[in-house]
Amino acid sequence: MHATTKLLATTILAAGALAGTAGAATMHPALTARLSGMGEHGKVSLTSNATTVKVCWTFDVMSHGITSAAIHDSAGMVVAKLGPTYKAKSCTTVSPSAVRMIQSKPGAYVVWVDTKAHMGELRGTLSASTSHM
């Protein structure tokens, strides 16, 4: 291999390694969302683990009749259901791609809390958190 070609190949490999490191550095495993809607308010704290593909949460809401909660994308599509039925604190397994998407760009996702009266009655945009549950 010519020295110039070898140097170029080494540079490309190093750049790829740095890009992978930079991508990992921007992952946000601890997230929060302030929830509001229909005169109600609350908060949810989430932790996600890309290795185990688990998302855990703790809701602090005063609303009654909550039936379910999920993370939606900006188009309103469900990215991850937070359990089969509502629990104030629990964990669930989600798809690996959902964990990666949520961790890499939390502000693009919204937590919806459904009640018997209204789907998505409480909503809040995810943001990176500095504290863990």
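Two residues are in contact here when heavy atoms of theirs lie within 4.5 Å, and buried means under 20% relative accessible area. Keep those in mind for the views below, which come from a predicted model.

**View 1. The whole chain, end to end.** Let's start with the parts list: the protein chain has 2 helices and 9 strands. Of the chain's 133 residues, 36% count as buried. As for what is left on show, the chain exposes about 7,900 Å², with carbon and sulfur atoms supplying 61% of that.

**View 2. One face of helix α2.** Zoom in on α2, which covers residues 96-104; here A98, V99, I102 and Q103 are buried. Looking down the axis of α2, these buried residues fall within an arc of 120°, so they line one face of the helix.

**View 3. What α2 packs against.** Stay with the buried residues of α2 and look at their partners: they pack against β1 (30-37), β2 (40-49), β3 (54-61), β4 (66-72) and β5 (78-81).

**View 4. The largest nonpolar core.** This core has 25 residues, and the ones touching the most other members are L35, L46, F59, I71, V111 and L126. At least two core residues come from each of β1, β2, β3, β4, β5, α2 and β7 (110-115). Strand β3 gives the largest share, with 4 residues.

Conventions. Residues are numbered from 1 along each chain as its sequence is written. This is a predicted model: local features need pLDDT of at least 70, side-chain atom pairs count only at pLDDT 80 or more; totals for chains, interfaces and linings use all residues. Side-chain values use heavy atoms; hydrogens and water are left out. Buried means under 20% relative accessible area, exposed over 50%, partly exposed in between (1.4 Å probe, protein chains only). Accessible areas come from the Shrake-Rupley method with a 1.4 Å probe; for residues, only the protein chains shown count as cover. The arc is that of the directions from the helix axis to the C-beta atoms. A nonpolar core is a set of buried Ala, Val, Leu, Ile, Met, Phe, Trp, Tyr and Cys residues joined through side-chain atoms within 4.5 Å.
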